[in-house]
Amino acid sequence: MPDPEPVTPPPDAPPARDPRVLDELLADGSMVLYHTASRKLMTLNPTAALVWEYCDGEHTIEQITSEVRAVFPAVSTIADDVAGVLNDLRAREMLRLPQAPS
Amino acid sequence: MTDASPDTRADAVRRRIGPHDVAVVVPDRSDRAAVEAILGGFPRIGEGAAGEATYALRRDAAGGWEFWSGGTRTHQATTLEDGLLALEWQVVTDLLARTDDRFHLHGAALADPSGSLSVLVLGESGVGKTTVALALIARGFRPFTDDVILLDPESLAPSTFERAFHVDATTRTLVNGLPHDPAWEVPGVPGGYFLPATWAREPLPVRAVIVPKARDHARPLLVGLPIAEAATTILGFSGSLEHAPALSLRTAARLTASAPCYALYAGPLAPTAQFLAEAVEGLRAG
């Protein structure tokens, strides 16, 4: 049976993991992702893994940033770091893609 | 339809391969001797074993060979060597298709000389993993497998898979130059194959993963990989990731938590083998 097409959320929707992606936490807090359709692997450092955990379709980018900032209060670049992680995840198609504007 | 009927034929080679019973009908006596030789590491089974998979390697009217899997002719070969390769390929492919409870990796697995741990040597063909494995065998290591690693996801112990090694002339020359070269001459084994005299059979968890990267270093060097890189490296050699992704990811995570993964920059073979043997002994002692 073919894989179901992912549901595409609106552009401002909270980031959500592609349900076809499996994740596995590693011993040092990093994480490995595997997209079962594209068969691509991706690794995340512990900070990126934390971002990934919040990509549940409920937390907005601002809320994710706030959660990560709470864990790493001394880091001044959290907003940029979170944005970078989300961009990487989108580029590797690990997140459900927002619908293109019509 | 092939005339393979292994329950009643005396010209079938029967072996237990992994968890499965296999029968290969080979009518020609000399061909059968070759099949007996390359499958000689696997345990013999009796006639009519339950769950037997049936194959046949037969000569055809044109002077070549044809290979049958069940009732289907799947390969034609002009030489016996190619027919034997077709047999090995089909047997291994069928085994892996029916083995969904093991983490499959491409590479060699060996028990250390003390019999207390196992190490994996992962790599694509041509990178030198068989050469490294043979060099370690010459230093007292015992093989679980040279090509098809099947890891228990709970114990992280490799299964014994007694497939004959494929050894090209270059590898054989290299290994023959070692102080303790393995015994090559096994009666009936065709050229290009090496059948170890003994195999590791006890369940030994993996304690190190070695990935050969190069063979031209002045002296051997092991470089430890960060855990995330180790995980993706290991998964890159997995044959089960596509059909059993959750099991493969989980097992790779457990493996990287308990066994360091090293890139091997190999130098000349003898000092590289000694270096690796000492490194593994250090893991055991540590």
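**Group meeting: a predicted model of chains A and B**

I start with the core. The largest nonpolar core has 78 residues, and those with the most contacts inside it are A:Val51, B:Leu110, B:Leu120, B:Val209, B:Ala231 and B:Ile234. A nonpolar core here is a set of buried Ala, Val, Leu, Ile, Met, Phe, Trp, Tyr and Cys residues joined through C-beta atoms within 7 Å. Buried means that 20 or more other C-beta atoms lie within 10 Å of the residue's own; exposed means 12 or fewer, partly exposed is in between, and C-beta atoms are placed from the backbone. Apart from that core lies another, of 31 residues, among them B:Val35, B:Ile38, B:Trp65 and B:Val167.

A word on the source. This is a predicted model, in which local features need pLDDT of at least 70 and side-chain atom pairs count only at pLDDT 80 or more, while totals for chains, interfaces and linings use all residues. Residues are numbered from 1 along each chain as its sequence is written, and chains are lettered from A and ligands numbered from 1 in the order in which they are written.

Back to B:Ile234. What does B:Ile234 touch, not counting residues up to four places away in sequence? The list is B:Leu105, B:Leu122, B:Val209, B:Ala252, B:Leu255, B:Thr256 and B:Cys261. Two residues are in contact if their C-beta atoms, placed from the backbone, lie within 7 Å. As background, nonpolar side chains in soluble globular proteins tend to be buried together.

Next, chain B as a whole. Chain B holds seven helices and 14 strands. Helices (H or I, at least four residues) and strands (E, at least two) are DSSP runs, numbered from the N terminus. The C-alpha atoms of chain B fill a box of roughly 55 × 45 × 30 Å along the principal axes. A compact globule of 286 residues would have a radius of gyration near 19 Å, and chain B agrees, with 19 Å. That radius is taken over C-alpha atoms, and the globule rule is 2.2 Å times the number of residues to the power 0.38. Of the 286 residues of chain B, 44% count as buried. Among contacts in chain B between residues at least 6 apart in sequence, 72% join residues at least 24 apart.

One helix of chain B is mostly covered: α3, residues 129-137, has nine of its nine residues buried. Among them are B:Lys129, B:Thr130 and B:Ile137.

Now some strands of chain B. Strand β2 (residues 20-25) and strand β3 (residues 53-59) of chain B pair in the parallel sense over four bridges, with B:Val24 opposite B:Tyr55 in β3(B). Two strands pair if DSSP finds at least two bridges between them. On to strand β4 (residues 65-69) of chain B, which pairs with β3(B) in the antiparallel sense over five bridges. Within that pair, B:Ala56 has B:Trp68 in β4(B) as its bridge partner. β3(B) and β4(B) form a hairpin with five residues between them, and B:Gly63 in the turn has a positive phi of about 90 degrees.

Chain A has an open sheet of three strands, in the order β1-β2-β3, with antiparallel pairing. β1 (21-25) and β3 (41-44) of chain A stand at the edges with a single partner strand each, so one side of each is left without a neighbour in the sheet. The twist averages 20 degrees from one strand to the next; axes are lines fitted to C-alpha atoms, for helices over the stretch in contact, and angles run from 0 to 180 degrees between N-to-C directions. Strand β2 (residues 31-35) of chain A pairs with β3(A) over four bridges, and A:Tyr34 stands opposite A:Leu41 in β3(A).

How do the chains meet? 14 residues of chain B are in contact with 13 residues of chain A. On the chain B side, α5 (227-236) and α6 (245-258) each supply at least two residues, and α6(B) gives the most, with seven. That side divides into 10 nonpolar, two polar and two charged residues. Here Ala, Val, Leu, Ile, Met, Phe, Trp, Tyr, Cys and Pro count as nonpolar, Asp, Glu, Lys and Arg as charged, and the others, Gly among them, as polar. α5(B) lies across β2 and β3 of chain A, at about 170 degrees to β3(A). α6(B) lies across β1 and β2 of chain A, at about 20 degrees to β1(A).

A:Arg39 has a positive phi of about 60 degrees although it is not a glycine, and B:Leu156 has a positive phi of about 60 degrees without being a glycine. Which of these is buried or exposed? A:Arg39, in the loop between β2 and β3 of chain A, counts as exposed, with 10 C-beta neighbours inside 10 Å. B:Leu156, in the loop between β9 (148-151) and β10 (165-166) of chain B, is buried, with 20 other C-beta atoms within 10 Å.
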